[in-house]
Structure formats: C-alpha cells, structure tokens
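Please read it alongside the coordinates.

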Amino acid sequence: MASLIKTDMIEYLRNVNSCKEISNGILLEVDRELVRIEVIKDNILRIKISQNRIFDENPTWATDFKLPSNPKFTVNDSENSIVLSTDKIELSISKDNFSMNCIRNDGTNVFSTCTDTEGKSIAYGYLNNKFIITRKYVYKDNIYGLGEKTGQIDKSGENYVMWNTDILAPDTHHHFHLSDSDPKNDPTSNVFDPYYVSIPFFYHIPADKTHRNAAGFFIDNSYKAFFEFTNSNQYRFQFNGGQYTEYIFAGPSMKDILSEYTWVTGRMQAPPIWALGYHQCRWFPYIQEELEDMAEKFVKEKIPCDTLWIDIDYMDGYRVFTWNKDKFPEREKMIQKLEDMGIRVITIIDPGVKYEPGNPVFDEAVEKNLLCKAENGQLYIGAVWPGRTVFPDFTKEETREWWGELNAEHVKSGLAGIWNDMNEPATGVINTNDMLFDIDGENFSHERIHNQYAILMAMGTRNGLLKAMPEKRTFILSRAGSPGIQRYSANWMGDNMSRWEHLEMSIAMGSGLGISGQPFVGADAGGFGESATAELLIRWMQYATFTPFFRNHNSDKKDQYLWSFGKATKELCKKTTQMRYRLMPYVYSQFMEASKTGEPIQRPLVYDYQSDKTVANISDEYLFGKKILVAPICKAGQTSRSVYLPEGAWYNLNTGEINEGNSYVTAEAPMEFIPTFVKAGSIIPMLQKIPVSTMNLHPEQIDLHVFVPLVDGSYTDILHEDDGLTFNFQKGKYLRTFFTLSKKDGVLLIKASVSGNGFAESARQTFRFIFHNLAKTTGKLNGNEVEIKNKTLLVDNSGNDFELECYT
C-alpha cells in the first residue's frame with residue numbers, strides 16, 4: 001500500500017538540553033524547541049511541542065474541560081533520563097536521544113516512540129509546517145476509532161486521511177493524490193477515504209498473549225492529517241500544520257479511555273425523545289399538500305413516525321432561511337397540522353449564502369463583515385446550490401451569534417430542529433484553499449479551520465435554538481464533524497448508496513463513530529443514492545431499527561417510502577418500526593446514560609468484551625446499548641447467518657431460544673426479522689402499547705422483560721423516565737429506577753431503587769414483568785406472596801422501591 005507520509009528532508013528533535021518542573025508537569029528544552037508534558041489526571045497526560053518556542057494554548061474548539069489543579073506526580077531527573085510518575089503511569093524520557101516510553105504501574109506498555117536503523121530517535125519529526133510522530137507497533141496489534149471511516153472495525157493494516165470531504169463532489173478523489181488504480185478512488189465505494197467526520201482519536205491494543213490492555217491517543221489538531229498503520233513495526237501520523245498537542249489515555253480498558261476522552265471533549269446533550277423515533281426524509285421538491293398527505297398516510301397506516309424532513313427544494317431559490325411561498329403558502333398551519341397528528345418537521349440549512357445584493361442574509365453578513373474572504377480581501381466565492389455562494393466565518397463569535405439568531409427566527413414557524421448539511425464546507429467545483437478565516441484580526445489558512453467548520457456552525461445553531469426555545473432540548477443533525485461535535489449535534493453518514501455493501505459498511509462506521517465519542521449516529525436507511533429494492537429496504541429498516549439515529553432518506557430518483565414496494569414490504573417495514581417504538585423506554589434510557597458517561601449506543605463487541613480476541617475484528621455485529629446484540633443481514637437472499645455470541649448466555653429475541661456464549665451459532669433470518677439477541681440477566685423495559693409517535697408519550701404501563709440468567713451472578717439495568725422534552729430532569733424532575741437482578745441457588749431476586757423527584761407528566765402506574773425461562777409460578781413482592789401467571793406479573797408501581805423474589 002502506497003505511503004501517504006513522506007519523510008524526505010524531515011528533521012528530528014534529538015537532544016534534551018534542560019528540564020524544569022512546573023505546577024502540573026515538566027517543561028523540557030529539546031534542541032531549539034520546548035516540550036511541555038502535563039499531568040491532567042493520574043492516567044492522562046498532555047504533551048505539547050512548541051513552534052519557534054511558542055505554545056498554541058487553543059489549537060481547536062474540541063476540548064471542553066477544566067484543568068484539575070495540583071495533580072500528584074513525581075519527577076526523577078538523572079544523568080541520562082527523566083522519569084515523570086503518577087500513581088498509575090510512568091513516562092521515561094531519554095536525554096541524549098529524545099524518545100519517550102510510557103508504562104502502567106503493572107509494567108504494561110502505553111506507548112513507545114521509535115528509532116531509525118542507526119538507533120537515532122524519530123519520535124518527533126518536522127519540516128516547515130508539518131510534523132510527524134512515529135511509535136512502535138506490531139502488525140498484529142489492533143487499532144480502533146478514528147471517527148467516520150470505511151472498512152473493518154479494526155483499523156490496523158490501513159492508511160487514513162483526516163479531511164472532511166463532500167464525497168460526491170466533482171473530482172473529490174484528486175484532492176488526496178490517489179492513483180487511478182487505487183480502489184479507494186471511487187467515492188461511491190465501500191472503501192473510499194476520507195469521509196465527512198474527522199476525529200484524530202484512536203485506541204491501540206498491542207498483540208499480547210496475556211494482556212488486552214488498551215491505550216488511547218487524541219491529537220488536538222485540525223489540519224489535514226495522515227495516519228499510517230501499514231508498517232510491520234511502527235505506526236505514524238502526520239499533520240500538515242499547527243502544533244503537536246496530544247492527550248495520552250492509559251486505559252487500560254476501552255471504556256476507561258472513552259470516558260476520559262469524552263470528559264476532555266465533552267458529551268452528548270440529552271436529546272428530546274422524539275429524536276429517537278423514526279424519521280422520514282427524501283430529496284424531492286415537495287409542496288405543502290404532499291407533506292400533509294404523507295403525514296396522513298403514516299397515521300392511516302398506523303406506522304410510527306416522529307418527524308418529516310424537508311430537503312433543499314423548500315427554499316426560495318436555495319436562499320437559506322427562506323421558504324418558497326408558492327410551494328408552502330401556509331407553512332405555519334402545515335407544521336401545526338402535522339404536529340396535531342403527532343409529527344414534527346425539520347428543514348435543511350446549508351452554510352452557503354447566495355451571493356446576491358438585496359438578499360437580506362447576504363446584505364447583513366456583508367455589512368457586519370461576517371463572511372470568509374480570500375487573500376486579496378475580496379469575498380471568497382464558492383459554487384453550491386444557489387450558484388455564486390459566500391460562506392460565514394464561524395470562527396468569529398459574532399458570526400455564530402448572528403447565525404444563531406437566523407436559526408432562531410427560522411424555527412419560529414414551528415420547526416422542531418435543524419439539519420446542517422454541506423458543512424465540510426462543500427464549495428462545489430471551487431477549491432477551498434482560497435477561503436481564509438479571521439481570528440482576532442489575523443488571517444488563518446483554510447486548512448486550519450476546514451475540519452472544524454461544522455462544529456463551529458453547530459455551536460451557532462445550537463445557541464440560537466436555545467434562545468428561541470430555552471425550555472426545550474435542541475436537536476441538530478450534521479453531516480460533517482470533528483472532535484467535540486457530540487456536544488452540539490448528531491451526525492448521519494452522508495450520501496450513501498442503495499447497495500448491500502453500503503448497508504454492511506455502515507455497521508462498522510457507526511460503531512467506530514460511537515467509540516470515537518459520537519454516540520448519536522446513523523446511516524440513511526435504504527440508501528440515499530441509486531434505487532433500493534424491496535428486500536434491501538426491508539433489511540436496512542430492520543437494521544436501522546437498532547441504530548441510534550433512525551431515518552429513511554433517499555434522492556428523488558425513485559420512491560423509497562415504506563409503502564413504495566407494495567403491501568408485503570410495507571407490513572414488514574411497519575413491523576420493525578413498531579419494534580423500535582416498543583423498545584423506546586430501553587432506547588431512551590441508554591441515551592440518557594450516554595449523555596452522562598459518553599458511552600456509545602451502537603458499539604462494537606470489542607468495546608464490552610475487550611479480553612476476547614475473537615471479537616477483535618468482528619465488524620458485522622454490534623451491541624445496541626449494553627444488552628442487545630444485533631447481527632444485520634447484509635446480502636440479498638440471505639435467510640440465516642453465523643453470529644458470534646460473547647461470554648454469558650444469550651436469548652434469541654425473535655425465537656426465545658437460549659444460546660451459550662463464547663461460540664458461533666447459526667441464526668435464522670426469514671424476511672420477518674434479523675438476528676437479535678439479549679444477554680441473559682437483562683431487564684429490558686418496553687412499551688405495552690405501540691404509539692404512532694412519541695408525542696405526549698407518557699405510558700401508564702411499562703413492560704419489564706426479564707431474561708433469567710442461567711448461572712448464579714448479579715446484573716444491573718436502568719430505566720430513566722422524564723418528560724422527554726425539557727431540561728426539567730436537570731432539576732431532579734425524573735424517575736430513575738436502578739434494577740439489580742441476582743440469581744443464587746435457584747432464587748431470582750430483583751431489587752429496584754428509585755431516585756429523582758418525579759415529573760408532572762408521569763402517568764405510569766404499573767410494571768408488567770414478563771419472565772423469559774422462569775419455571776416456578778410463585779414469588780414474593782416486598783415479602784408478600786404473589787402468583788406469576790403465564791410467566792407474567794403485574795405490579796402497581798408509580799415510582800417506588802421494591803423487592804421481588806422468584807424461583808427458577
């Protein structure tokens with residue numbers, strides 16, 4: 001595989017001239033530069049290397065944490081080395097051949113820098129604006145993360161580019177100097193790189209027979225970057241500009257690392273519950289009556305749906321923040337009519353503003369000096385949907401404030417959220433290089449801001465929505481992103497194709513984004529480009545049912561609605577959509593936990609079963625939340641597939657069959673369902689009645705499906721309930737039921753402890769326990785005898801602690 005990184009003419013830092021202890025670490029002078037190594041926590045280091053002896057303290061907008069004060073560490077400065085130690089890690093630095101080696105207190109390795117064939121350090125190399133980091137690596141090591149990337153979940157053995165890309169733009173592949181024979185050349189393929197979201201954060205798990213310890217690495221730099229994991233004894237990454245700032249996470253579990261990484265870069269905000277429902281979208285020049293008819297179709301067919309999305313053709317000549325009044329003469333009435341049916345509306349917003357004197361948005365941006373310019377001081381012009389297009393300079397706080405006000409005015413019509421597209425930024429056939437940014441009066445290159453453009457746009461959008469609807473949780477969907485985007489927006493995976501290989505590609509891509517700090521992700525079900533078949537739509541809808549963001553979206557070539565392929569297809573799509581809504585209590589609880597912990601919703605098996613080498617590169621299965629394992633169907637005509645089940649026992653959610661873990665099973669997959677399993681010991685909350693949307697969803701009864709464990713042990717689950725829309729949960733207005741299920745000597749004990757002060761909208765009065773694989777029909781509820789009929793028990797409960805004892 002061709003190298004993306006060229007080391008000709010590279011110079012390396014080699015000699016440590018001095019070491020000074022500072023309040024939170026050490027400051028080194030290495031050759032003519034400064035190296036600052038800071039203890040963030042006892043298992044997190046930050047390493048910065050200056051340029052011209054000056055540190056850039058704010059390289060990006062990625063981080064969102066307060067630096068802890070007075071970290072505990074020791075420094076041992078000897079003749080040949082410097083050792084920085086905390087309670088958990090030790091970093092050794094060679095003085096006469098600048099290199100670094102970091103180990104945990106148990107002796108396992110976190111990272112080691114490299115030397116060349118002559119034994120000289122190549123830890124940090126530089127040439128002009130670029131720098132290169134090289135570290136030890138074995139070809140059997142595992143690499144995970146890196147954001148939105150094609151290929152397998154294990155990224156070892158491949159090279160990657162960090163550059164947010166409108167993948168279907170003209171001549172996209174020429175930007176990356178790929179040869180015509182390179183299979184990554186085709187942006188519609190399932191191996192093209194780079195995509196829309198660039199996250200230079202990854203996990204490294206060495207190939208070790210006794211340890212599966214992970215270390216994490218986040219490079220806080222937004223310039224175009226290249227990562228190479230194709231060498232047999234080293235990996236390296238190059239950034240084309242900016243300073244080297246890296247966070248080192250010692251782990252050793254992927255869960256520890258992701259928790260710390262999202263502590264550094266921030267976590268997803270609690271979403272409104274309707275954002276977790278089914279979304280219907282199409283790139284099509286709708287008129288008002290057609291959207292109203294579509295909403296009525298969903299209601300009539302009793303297909304659950306929460307949101308209808310409107311693509312670019314609703315605008316007046318593609319002018320952002322406008323409506324075509326001929327197509328939508330009464331948009332407020334339309335939006336209210338749909339809301340009365342339980343369906344919300346979202347419209348697309350692009351960053352490109354039509355270059356047109358007399359266009360109020362353009363005129364105001366020019367007057368306030370809020371637009372990007374070229375080096376000659378003239379407005380930068382791109383070529384997007386409106387034709388000649390200008391772009392807001394979102395690096396300016398006043399631009400983000402102005403953009404937020406425009407969004408706030410836009411949603412006054414009743415819109416529920418905003419869809420940010422084309423925000424890589426996409427500029428059509430016009431190269432982006434000439435687009436400059438003004439930061440505190442100083443021009444910055446396009447390359448410095450390019451990968452951050454989407455997060456800056458989302459910052460402005462979110463602030464505007466919060467001002468317009470301060471009592472409501474916001475929802476923003478973004479195509480592009482970078483570290484920290486999860487604080488403001490969800491992401492979808494852009495312009496995929498209606499192909500089986502794109503369905504399969506999105507599994508690892510979604511899981512990879514999840515472990516890269518962005519839990520709210522999903523691909524366009526059925527595929528955006530080209531035309532889906534009935535079978536592909538069914539299988540994709542079944543898979544998307546178990547992804548964080550659940551939206552059907554396609555271009556205007558051919559209908560892809562759930563009813564477009566006839567009654568049989570409609571009924572199967574309806575069935576799986578209803579399953580999503582039955583699972584809403586589980587889904588909502590998983591999201592609320594993710595907003596607190598940073599844990600992914602869609603996650604590769606290796607995240608939860610890191611010590612199991614079998615799952616190291618399983619890319620076509622994943623966990624949906626903590627307890628549901630999903631194995632999508634990725635081939636036409638396939639009616640069964642092999643599924644690997646990790647340790648423990650697993651219930652087939654479709655058939656009830658129980659399988660032992662640490663083994664492969666052949667799972668049936670008729671057109672009615674895809675293989676889905678629940679781990680034994682789980683309590684999965686579901687709805688008894690299937691709603692048509694989440695509008696005013698406050699159930700009187702919640703079903704608790706208890707999947708009885710086969711062996712003695714203890715298990716935990718959570719049910720979170722609140723109003724689903726406001727921030728009142730932050731004031732204690734919620735119910736959080738923490739379940740502990742234990743099995744010992746044939747006794748099944750379920751303890752429930754409740755926190756929170758409740759909320760006014762709560763209507764729950766009853767839990768209905770549904771036991772899977774329970775033999776006995778008697779039990780005790782809070783010490784009182786109860787009868788379990790047909791493996792079912794109704795319990796009056798509106799938010800109380802309880803204890804239920806059953807017998808297996």
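An open sheet of 9 strands has the order β31-β30-β29-β26-β22-β21-β20-β33-β32, with parallel pairing, where strands (E, at least two residues) and helices (H or I, at least four) are DSSP runs numbered from the N terminus, and two strands pair if DSSP finds at least two bridges between them. Because β31 (521-522) and β32 (524-525) stand at the edges, each with a single partner strand, one side of each is left without a neighbour in the sheet.

The model is predicted, so that local features need pLDDT of at least 70 and side-chain atom pairs count only at pLDDT 80 or more, whereas totals for chains, interfaces and linings use all residues. Residues are numbered from 1 along each chain as its sequence is written, and side-chain values use heavy atoms, with hydrogens and water left out.

| Strand pair | Direction | Bridges | Facing residues |
|---|---|---|---|
| β38 (residues 649-652), β41 (residues 676-679) | antiparallel | 3 | Y651 and V678 |

Helix α8 (residues 500-514) packs with helix α9 (residues 534-544) at an angle of about 10 degrees, their axes 10 Å apart, axes being lines fitted to C-alpha atoms, for helices over the stretch in contact, and angles running from 0 to 180 degrees between N-to-C directions. That makes α8 roughly parallel to α9, a label for angles under 35 degrees. In contact (heavy atoms within 4.5 Å), W500, H502, L503, S506 and I507 of α8 meet E535, L536, R539, W540 and Y543 of α9.

Note on methods. Parallel < 35°, antiparallel > 145°, perpendicular 65-115°, else oblique.
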